[in-house]
Amino acid sequence: MAEEESGEAIRPEIPTGRVKKIMKVDKDVCKVNSEALFLVSCATDLFLKLLAEKSAEVATEKKRKTVKLEHIRIAVKRHRPISDFLLDSLPLPPQPSDAPAKNENRTRTAADKAAPEGTRRIDDFFRKPAKTTSDENNES
């Protein structure tokens with residue numbers, strides 16, 4: 001109704017031809033109705049705008065001017081409905097390489113590195129044992 005009042009037709013910014021090609025990638029889709037194509041194109045347009053806005057907010061919070069994959073992942077995690085279906089499809093963030101970075105080794109301490117499960121740190125051997133109730137009874 002708002003469309004009739006303003007006199008302008010609503011047009012999605014995403015090319016409908018490409019949306020149609022993507023929809024036809026699915027083997028179950030033979031033909032695409034023009035109304036269905038229009039609705040999917042509009043929904044895709046709105047979804048991408050929402051994702052871009054949320055990702056830009058995260059980038060701004062991190063004081064960055066460029067939106068990166070990590071910003072998109074954080075934005076998706078924060079928005080539960082999107083997270084339910086999209087988080088598994090996003091590529092994983094790049095893992096740090098085995099080669100040490102220039103300044104990372106100098107700032108990291110040995111306590112920051114996690115030990116494998118079941119191992120004891122050398123610090124444990126040099127700490128005074130905690131007094132138990134049986135030790136306190138023997139001293140009195």
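Reader: Are R80 and D84 buried or exposed?

Author: This is a predicted model, in which local features need pLDDT of at least 70 and side-chain atom pairs count only at pLDDT 80 or more, while totals for chains, interfaces and linings use all residues. Residues are numbered from 1 along each chain as its sequence is written, and side-chain values use heavy atoms, with hydrogens and water left out. Relative accessible area under 20% is termed buried, over 50% exposed, and in between partly exposed (1.4 Å probe, protein chains only). By this criterion R80 and D84 are both exposed.

Reader: How far apart are the closest N and O atoms of R80 and D84?

Author: Both residues lie in helix α5 (residues 80-86), four residues apart, about one turn of the helix; helices are DSSP runs of H or I with at least four residues, strands are runs of E with at least two, and both are numbered from the N terminus. A salt bridge requires a side-chain nitrogen of Lys or Arg within 4 Å of a carboxyl oxygen of Asp or Glu. R80 and D84 form such a bridge, with their closest N and O atoms at 3.4 Å.

Reader: Why does D45 count as buried?

Author: E13 has 61% relative accessibility and counts as exposed, whereas K49, at 37%, counts as partly exposed. D45 lies in helix α3 with K49, four residues away. D45 counts as buried because its relative accessibility is 11%.

Reader: At what angle are the ring planes of F47 and F85?

Author: Rings of Phe, Tyr and Trp (its six-membered ring) pair if their centres lie within 6.5 Å; planes under 30 degrees apart are stacked, over 60 edge-to-face, and the rest tilted. The count by this rule is one aromatic pair. F47 and F85 have ring centres 5.9 Å apart, and the pair is tilted because the planes are at 45°.

Reader: Which helices does the pair of F47 and F85 tie together?

Author: F47, at 25% relative accessibility, counts as partly exposed. The two residues are 38 apart in sequence, so the pair ties together separate parts of the chain, namely helix α3 and helix α5.

Reader: In which helix is confidence highest?

Author: Confidence is expressed as pLDDT, the predictor's value for each residue from 0 to 100. The mean over the protein chain is 78, and 62% of its residues reach 70 or more. The lowest confidence, a mean of 52, falls in helix α6 (residues 104-107), and the highest, at 94, in α3.

Reader: How many helices and strands does the protein chain have?

Author: From the N terminus on, the elements run α-α-α-α-α-α-α-α. The protein chain accordingly has eight helices and zero strands.
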